[in-house]
Amino acid sequence: MKPSKYQAAIYAAIENTNESIIIQAAAGSGKTTTAIECAYRLYPGLSTIFLAFNKSIADELKERVPPHCVASTFNSLGNRALYQALGRSQLNSNKTRQIARKILCDLEYRKFGDEVKKLIDLCKAYCISPKGYAGRDDSDDNIEWLIDRFNIDVDEENIPQLISIVRDVLATSINIRSVIDFNDQLYLPVILGIPMNRYDVIFIDESQDVSPVQLVMIKKSLSRNGRIIAIGDSNQSIYGFRGSDTGSMQKIQQQFKCKEYPLSISYRCAKNIVRYAQQYVDNIEYFEQADNGIVSCWTNYNVNDFKSDDLVMCRNTAPLITFAYTCIARRLAVRVLGREIGERLINLIDRLKPAGVYGENGLVTKLEKWRDDEIEVLLNKGADEKADAVNDQCDSIIAFLSNASIESIDQLKKEIRSLFDNNTQCMTLCTCHKAKGLESERAFILEPGLMPSSYAKQEWAKQQEINLQYVAVTRAKKELVFIRQSDFEVKTNDNI
């Protein structure tokens with residue numbers, strides 16, 4: 001295929017300049033294909049590495065990049081540096097939990113185990129370390145910022161105790177270097193000041209999701225006169241609530257003085273879907289030879305209208321649970337992505353210590369009180385995203401109780417695990433956050449009125465909601481459909 005005008009400009013910059021560049025790639029714009037073509041246009045004598053976020057992408061790249069280009073994950077890059085400096089270490093993904101079990105008593109571990117694991121992961125992603133290491137100080141303020149910013153499930157009165165535990169577990173983890181986890185592969189080379197192999201050219205895929213520790217790794221790995229070729233889409237930055245650096249592309253651009261190039265034509269989405277997406281991102285363009293496609297709203301529908309390869313997305317989890325049970329009751333097989341979502345619901349149930357499902361000390365009563373108390377505190381602190389998550393967690397548990405015959409807490413937990421552990425190949429249901437990276441010939445958005453979230457008050461949160469809507473609508477290749485649970489029965493539909 002003949003290069004687009006945007007690709008031609010990028011290729012000219014690669015071949016005719018030594019500048020670092022950052023490519024703003026619209027959804028479905030062929031960013032990986034473009035980046036690989038860039039690699040082929042580089043002088044083969046340059047040491048070049050293509051950094052990917054997971055092993056499957058890195059493995060795919062290894063088959064496609066030129067011989068002079070190395071494809072690697074960030075973890076592999078860091079692990080090589082660790083091996084060269086410290087020798088062989090044993091990889092153990094449960095390292096943090098095992099340390100926490102040794103440090104904490106049984107009661108503390110049951111109370112804080114999951115939250116400690118999440119906070120340690122975030123400390124490592126944000127280079128937070130004890131004094132004496134090359135990271136940000138592990139002060140109360142810095143750790144509490146992580147708790148507030150990244151939706152850690154902990155009651156307000158328990159925060160000081162949790163911070164103290166996190167500090168102890170983090171220090172112990174750093175000192176145990178013969179055993180490492182995946183986060184250590186990134187974190188230890190940075191805070192210990194370990195030298196890393198240097199490259200003349202570094203490609204960065206999905207650069208909108210680069211974390212602070214990965215940004216330091218890039219800097220440590222770039223030759224003195226090297227160049228960065230970063231590719232991503234700042235409009236698909238949607239993980240700010242859980243730890244991603246929402247301004248990573250801007251930081252890359254500033255730190256490495258990158259010249260920006262657009263890659264605006266979406267080859268994935270049909271014309272009408274692109275036109276709809278332009279209300280969120282006005283510079284996305286459709287491919288002239290693409291089909292027109294359909295954007296519609298189904299005002300009535302039934303199970304016979306769905307196909308096994310359909311994708312159904314929703315802003316919140318609770319409506320997906322109700323929708324899943326409606327499908328199952330009508331003998332339509334579905335799977336719900338997000339096992340960690342189910343475990344989070346179970347952890348909340350355990351923390352509340354209910355005496356049964358109903359009654360004065362039952363789950364429903366305790367859940368509603370916890371919801372009211374937590375949301376009031378969070379809104380007063382301006383933690384809008386966390387308040388939204390609290391509300392959705394409570395609604396999700398109530399959705400299970402409303403749609404299944406639940407008589408005990410154990411039965412409720414079993415029901416939750418059953419729904420989220422289903423790996424059957426059938427129609428897929430997921431939150432809009434989980435849908436990133438997916439695509440489908442036909443994609444549905446359930447309860448579109450939930451976007452943007454009414455809890456998004458801060459500017460960064462509002463922008464993330466716009467990004468989330470953009471990500472959701474661009475999952476559809478040929479047909480985008482908006483539906484509501486209340487219309488699930490008979491079939492008619494209207495194009496919009």
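A polar contact is a pair of N or O atoms within 3.5 Å, one able to donate a hydrogen and the other to accept it. With that in hand, here is a short tour of this predicted model.

Q: What makes the link between the side chains of Glu-465 and Arg-315 a polar contact?
A: The two side chains are joined at 2.9 Å, and the cut-off is 3.5 Å, so the pair qualifies.

Q: Why is Glu-465 called buried?
A: Buried means under 20% relative accessible area. Glu-465 has 2%, so the word applies. This residue is found in helix H18, and a polar atom of its side chain also lies 2.9 Å from the backbone nitrogen of Ser-453.

Q: Which residues does Glu-465 touch, not counting residues up to four places away in sequence?
A: They are Arg-315, Glu-385, Pro-452, Ser-453 and Ala-456.

Q: Why are the buried residues of H11 said to be on the same side?
A: The residues in question are Ser-248, Met-249 and Ile-252. They cover an arc of only 100° around the axis, so they share one side of H11. These buried residues pack against strands S1, S8 and S9 and helix H10.

Q: What residues make up the lining of the second largest pocket: how many are nonpolar, polar and charged?
A: Its lining has 6 nonpolar, 2 polar and 14 charged residues. Asp, Glu, Lys and Arg count as charged, so Asp-155, Arg-351 and Lys-353, among those nearest the pocket's centre, belong to the charged group. H15 gives the largest share of the lining, 7 residues, and the pocket's volume is about 480 Å³.

Conventions:
Residues numbered from 1 in each chain as written. Predicted model: local features only at pLDDT ≥ 70, side-chain atom pairs only at ≥ 80, totals over all residues. Heavy atoms only, no water. 1 Å grid on protein atoms, 1.4 Å probe; cavity = no way out; pocket = protein on both sides within 12 Å on 5 of 7 lines; lining within 4 Å. Points joined across faces, edges and corners; volume = space filled by probe spheres on them. Helix = DSSP H or I, 4+ residues; strand = E, 2+ residues; numbered from the N terminus. Buried < 20%, exposed > 50% of the residue type's maximum accessible area, 1.4 Å probe, protein only. Arc of directions from axis to C-beta. Contact = heavy atoms within 4.5 Å.
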